[in-house]
Amino acid sequence: MGLGRTLGVGLIGMDGLVVDVEVDVSSGLPAFTIGGRPDPSCAQAPDRVRAAASNSGYAVPQRRVTVNLSPASVPKIGSGFDLGILVAVLIAEGDIPAGVAADVAHIGELGLDGSVRPVRGVLSMVLAAAAAGVRHVVVPVANAREARLAAGVTVHPVAEVAELVTRYRALAAGLPVSAVPEPDLADESDVPVPDLADVVGQAEARLALEIAAAGAHHLFLVGPPGAGKSMLAERLPGLLPPLDAAQALEVTAIASLSGRIARLDGLCRRPPFVAPHHGASMAAIIGGGSGLVTPGAITQAHRGVLFLDEAPEFRSHVLQALRQPMESGTVVVARAAGRFRYPCRFQLVLAANPCPCGFGFGKGDRCQCSIVRRRSYTAKLAGPLLDRVDLQVLVPVPVRSALLGPPGESTAVVAARVRAAREVAGTRWSGREYAVNGAVPGSVLRSRRFRLDPATTLDIDRSVDLGTLSLRGYDRCLRVAWTVADLGGRTVPTRDDVGLALSLRHQPGMAA
């Protein structure tokens with residue numbers, strides 16, 4: 001009979017929480033109970049702990065074992081508490097010397113054979129442990145590389161329970177502890193980037209793509225099948241600058257929580273590209289789920305590109321749910337267990353056919369869609385959602401002569417101009433919470449310092465007076481105009497820059 005204590009780490013949304021793991025072994029009928037609001041996967045830990053201990057040469061006592069995960073008022077989600085519970089049990093039984101593991105955080109799921117298996121969200125957990133003052137964290141070997149991205153904490157990889165017990169005993173005896181080798185993982189820099197030179201023709205769409213990359217503007221592409229809409233969208237991440245250290249750490253933590261970290265080595269330096277199927281549910285896009293609340297596609301695309309191909313085929317309520325996250329850059333998923341906040345500052349790219357059959361566009365219109373079908377198809381993208389999209393361009397099928405002409409500029413050439421434009425914008429907005437033109441509030445652009453003269457804004461002023469441009473659209477035209485000026489090397493937008501911004505914002509000619 002005895003008491004064992006150690007530390008574990010849980011997750012609430014993207015935020016980690018250090019948990020005190022307490023185990024009391026007392027006389028009574030054999031039982032193994034867990035308190036502290038465990039979810040179903042955490043509540044199943046007793047079976048995994050018993051089997052893992054037994055197959056590692058240690059026995060969980062046939063007495064009353066009570067586990068408390070404190071603070072008890074916070075839900076404990078996932079199987080990552082298994083390792084901490086087992087260590088606390090072995091401390092209570094005297095198999096691990098008391099005191100050596102009291103201030104060590106343990107993260108990992110147990111296999112029945114005594115192996116320690118990886119879990120999701122380890123990077124966020126280790127960052128939370130370091131922020132709470134924990135200096136030593138034990139993690140599964142497969143999670144070691146991502147865990148070591150966190151500063152201020154020593155990470156100890158472990159592969160099996162027996163090995164961990166041996167190392168604790170050696171530590172208590174003052175003997176040297178051997179390190180565990182880490183597995184080799186693929187480097188994301190080895191993955192090729194699609195080249196913009198592969199896109200045939202599409203001068204206006206390529207220009208819109210470059211502007212979108214330079215200013216982090218949302219983009220809507222409309223055209224018949226085979227015009228190159230998907231090719232253009234897939235090449236947008238290659239035009240974006242690499243993520244800085246803070247952004248990369250944030251994106252890597254999201255990748256870890258989403259289960260995508262195993263393919264990477266080190267920080268995710270490239271902006272992510274997420275393209276969900278049009279049958280995706282609200283929970284898949286926004287975040288949520290029954291039981292375990294997981295980040296949706298908009299969070300997985302944080303600091304990168306969210307591409308919705310065949311956008312009108314998405315459920316209407318899913319599309320409209322994008323409006324608030326596009327403005328705020330965060331999404332809050334409310335459940336009975338609590339509120340889970342996730343970052344989602346993504347760049348939206350929509351692609352659509354002009355009508356359900358895709359052929360109601362340009363010369364040789366072969367569309368057979370009824371008026372009712374056309375209106376139902378286009379209605380999902382009308383109104384408030386498209387008003388938040390800065391660039392809306394037509395993508396026609398390239399003419400045959402474009403196939404024989406010289407290739408367009410490569411990704412490397414355009415990306416260099418994008419980086420230069422972003423540096424100019426970063427200098428202009430230095431000291432503020434935003435660094436790209438697409439995130440600048442309209443009130444700033446209309447302030448005394450950045451207000452353009454009436455002759456420059458004549459075209460968009462007239463559009464507002466005529467009711468063809470909303471006030472939100474007015475501000476977004478100003479943002480695009482500043483981006484166009486940055487790409488052109490001008491310190492202040494001209495009337496031509498504002499006119500180009502307005503022309504790239506016109507409603508695409510979808511069939512009606």
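Reply: Side chains of opposite charge can pair when their charged atoms come close. Here Arg 476 forms a salt bridge with Glu 327, the closest N and O atoms being 3.3 Å apart; a salt bridge is a side-chain nitrogen of Lys or Arg within 4 Å of a carboxyl oxygen of Asp or Glu. The pair links distant parts of the chain, 149 residues apart, with Arg 476 in helix 21 (residues 471-488) and Glu 327 in helix 14 (residues 323-328). Helices (H or I, at least four residues) and strands (E, at least two) are DSSP runs, numbered from the N terminus.

Me: On what basis are such features listed?

Reply: This is a predicted model, in which local features need pLDDT of at least 70 and side-chain atom pairs count only at pLDDT 80 or more, while totals for chains, interfaces and linings use all residues. Residues are numbered from 1 along each chain as its sequence is written, and side-chain values use heavy atoms, with hydrogens and water left out.

Me: Is Arg 476 buried or exposed?

Reply: Arg 476 is buried, with a relative accessible area of 6%, whereas Glu 327 is partly exposed at 39%. Buried means under 20% relative accessible area, exposed over 50%, and partly exposed in between (1.4 Å probe, protein chains only).

Me: Which residue meets Arg 472 in a salt bridge?

Reply: Asp 387 does, with an N to O distance of 3.0 Å. Asp 387 lies in helix 16 (residues 384-387) and Arg 472 in helix 21, so the pair ties together parts that are 85 residues apart in sequence. Salt bridges that share partners join Glu 327, Asp 387, Arg 388, Asp 390, Arg 472, Arg 476 and Arg 505 into one network.

Me: How many salt bridges does the count come to?

Reply: The count comes to 20 salt bridges.

Me: How should I read the packing of two helices?

Reply: Two packed helices are described by the angle between their axes and the distance between the axes. In this model, the axes of helix 4 (residues 122-131) and helix 10 (residues 245-257) come within 7 Å and cross at roughly 125°. Axes are lines fitted to C-alpha atoms, for helices over the stretch in contact, and angles run from 0 to 180 degrees between N-to-C directions. Helix 4 is therefore oblique to helix 10; angles under 35 degrees count as roughly parallel, over 145 as roughly antiparallel, 65 to 115 as roughly perpendicular and the rest as oblique.

Me: Which residues make the contact?

Reply: Helix 4 contributes Val 122, Leu 123, Ser 124 and Leu 127, and helix 10 contributes Leu 249, Thr 252, Ala 253 and Ser 256, where contact means heavy atoms within 4.5 Å.
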